[in-house]
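Here are a few notes from going through the model, in the order I would raise them with you. Have it open while you read.

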Amino acid sequence: MRALKLITSDIRFQYKYGFYLLYAVFTVFYIFLLRLIPEEWKKTVVAVLIYSDPAAMGLFFMGAIILLEKSQRVLDSIAVSPVKVGEYIAAKVASLGFIGVLVGVIIAMTAKTGNLLLTLCGVILASVLFSLLGIIIAVKIKSLNQFVIATVPFLLILTAFPVLTLFYDFGEYVVLHPGVSAIRLIIGGEDNNAVHILVLLFWIILAWMICHSAVKKAFLALGGVKL
Amino acid sequence: MIKVDNISFSYTSKPFIENMSFSVAKGEIFGFLGPSGAGKSTLQKILTGLILNYTGSATVGDTEVKHRRNSFYENIGVDFEFPSLYEKLSARQNLEFFGSLYTKAIRKTDTLLEAVGLHNDGNKKVGEFSKGMKSRLNFIKALIHNPDILFLDEPTSGLDPANARTMKNIILEEKRRGTTVILTTHNMQDATELCDRVAFIVDGKIKALDSPHRLIMSKGAVKLVYSYIENGSERTSECFLKETAQDKKLGELIKTGKILTIHSCEPTLSDIFMQVTGRELE
C-alpha cells in the first residue's frame, strides 16, 4: 500500500518536473522520424530507438531525480520514516518504468513492426535494469556532472554494444549480455525468447541486490557515517 | 521512554561519543546542549537509528536502536535543522505526502498549518517560502503522524521572536499531550524555558545533567546587585547572595536607608555552561 503511494507520488513529481511533457514531445518527434525511415530499416530503427531512450531513461534521469531529493534533503526525512529501502527503490523503478513503457508501447504500436507483447516485455525488463543501475550510480555521486561521467561506461556497454550486435555477429554467447537480450525482445522476438527473459531476470536480481545495499548505505550515510 | 547506557561511537579510531549514559522519561523535554562538534547531532542520529554501529545500549521506546525495524519510525518525529521538503510541492501536498508514509492516522493538515500561521500559504509552493516559513513547515511535518517521541534540532533557529514563541508554545503543548521531546540546541534561552532537564555535552561526554534551574542554583552564583549615592554620584556594587550578611557596605546602606535599588541577579544557563565546561556555546 505504501509502495503504491510512493509510486503515485513519484509519478506526480515527475509530472511536475515536466518529464511527461518532455516525453510527449519526444514521442511525437520519434513517430515523425519513423515515418521518414525506409520500411526495410524500420524494425531495427524502432528497436534501437525504444531501447536507447524510453527503456534506458532510468539511467539518464535517475541521477537528476535522486540528486534533487538529496539537494532538498528529503532523503533525510525518508530515511527516518517507515519507508523500507525496497519500497523506495520499487517506487523509483516503477514510476520511471511507467512512462518508459508508455512511450515505448506508443512508438511500437505506431510503427507496427513486431510482436507487441515481446516488445512490451523487453521494454519493462530493460527499464527495470536501467533504473536500478541509475539508482546505484545516483546514490553514490554528489553532482550531476559526476553522474553524467559515471554513466558513460554503462551507456557504452549497455547501449552501444547491443546496438552493434544488430549489425555484426559476436557469437552465440552474446545473449548473456542483458542489453542484447533486451534489444532482441524489443525488436519483436526471435528464437530463444525465454532465454532472453531469463538472462534479463538474472541481471535484474543481481542489480536489485546491489541497489538495495547501495541505498541502505546511502540512507545510513545521512547519519554521517559510511559503513 | 529513552534509556542510554554506556554508549560509545567513533567516526575514526578516536572516540567521538564516549561512555554516555542517561534516561528520558515519557512526557519529558530533554535538552542536548553543547557547542558545534560536541557530539549532540551524532547522539541524535544514534537515537533516531541513523547510526547503528555504536557500542553499549540505546533503547528508544521498547526498541534497542541498533536492532530497529522500519516500524520503529511510526512513533518518531524528526525535525532536522535544515528543511527537508519538496520545493515544487505546496505546503499542504508536502504534509500529505510525508503523512502518507505512516500507517497510523495523521493529524489534520489545516490544523497544523494554522498552528504555525501558515494557513493562508497552504497551497503555495514551498520553493516560494521564506526560510522561516520553511522552518515552521518542517516542524509541523515532524508532528503530522502524532509521534510519541519528537527529536527537534534547533527548532527556533532563524525565526523571528513571534514565530519562535509560537513554536515554543507548540512544543510545550506537545509535552502536555505526553510527547517526549529531545531538543538539540545551543540556544540557552530556549533550553532554560523549555527543558525539564538538560545535558551539557562537550567533546562527546556529558559534563553535567540536571534541570536548568537546579544547574543555575547549584553553583551558588546568584548575586545581589545594589545601587546607592556616594559623593554626589550613583554607584553600583554587588555581592554573592549567600555572602549578603558579610557585605559591610550593604549592611550600612540598609541601616541608613541610603539604598537606591537592590535586586538579585541569577547567572544564565550559558554562564553555568561556561563555568562547568570551560567552553562557550556559540
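At what angle do helix 7 and helix 8 of chain A pack? Bear in mind that this is a predicted model; my points follow.

1. Start with that helix pair. Helix 7 (residues 116-138) and helix 8 (residues 144-164) of chain A pack at an angle of about 140°, and their axes are 10 Å apart. Since angles over 145 degrees would be roughly antiparallel, the label here is oblique for helix 7 of chain A against helix 8 of chain A. The crossing of helix 7 of chain A past helix 8 of chain A is right-handed.

2. Which residues make this contact? From helix 7 of chain A come A:Leu133, A:Ile137 and A:Ala138, and from helix 8 of chain A come A:Phe147, A:Ala150, A:Thr151 and A:Phe154. Sorted by class, the contact between helix 7 and helix 8 of chain A has six nonpolar residues, one polar and no charged ones.

3. Now for the two chains together. On the chain A side, 23 residues are in contact with 27 residues of chain B. Helix 1 (2-16) and helix 5 (74-79) of chain A each supply at least two residues of the side that touches chain B. Helix 1 of chain A gives the most to that side, with five residues. As for make-up, the side of chain A that touches chain B divides into 11 nonpolar, six polar and six charged residues.

4. Two backbone angles deserve a look. Most residues other than glycine have a negative phi. A:Arg73, though, has a phi near 60°, a positive value in a residue other than glycine. A:Arg73 lies in the loop between helix 4 (57-71) and helix 5 of chain A.

5. Look for B:Asp203 in the loop between strand 9 (197-202) and strand 10 (205-210) of chain B. B:Asp203 counts as partly exposed, because it has 16 C-beta neighbours inside 10 Å.

6. Last, the layout of chain B. Chain B is divided into domain 1 (2-212) and domain 2 (222-265). How many Å separate the centres of domain 1 and domain 2 of chain B? Taken over C-alpha atoms, the figure is 45 Å.

Terms used:
Residues numbered from 1 in each chain as written. Chains lettered and ligands numbered in written order. Predicted model: local features only at pLDDT ≥ 70, side-chain atom pairs only at ≥ 80, totals over all residues. Contact = placed C-beta atoms within 7 Å. Helix = DSSP H or I, 4+ residues; strand = E, 2+ residues; numbered from the N terminus. Nonpolar A, V, L, I, M, F, W, Y, C, P; charged D, E, K, R; others polar. Buried ≥ 20, exposed ≤ 12 C-beta atoms within 10 Å, placed from the backbone. Domains from an automatic or database assignment. Axes fitted to C-alpha atoms, helices over the stretch in contact; angles between N-to-C directions. Parallel < 35°, antiparallel > 145°, perpendicular 65-115°, else oblique. Left-handed = near helix turned anticlockwise from the far one by under 90°.
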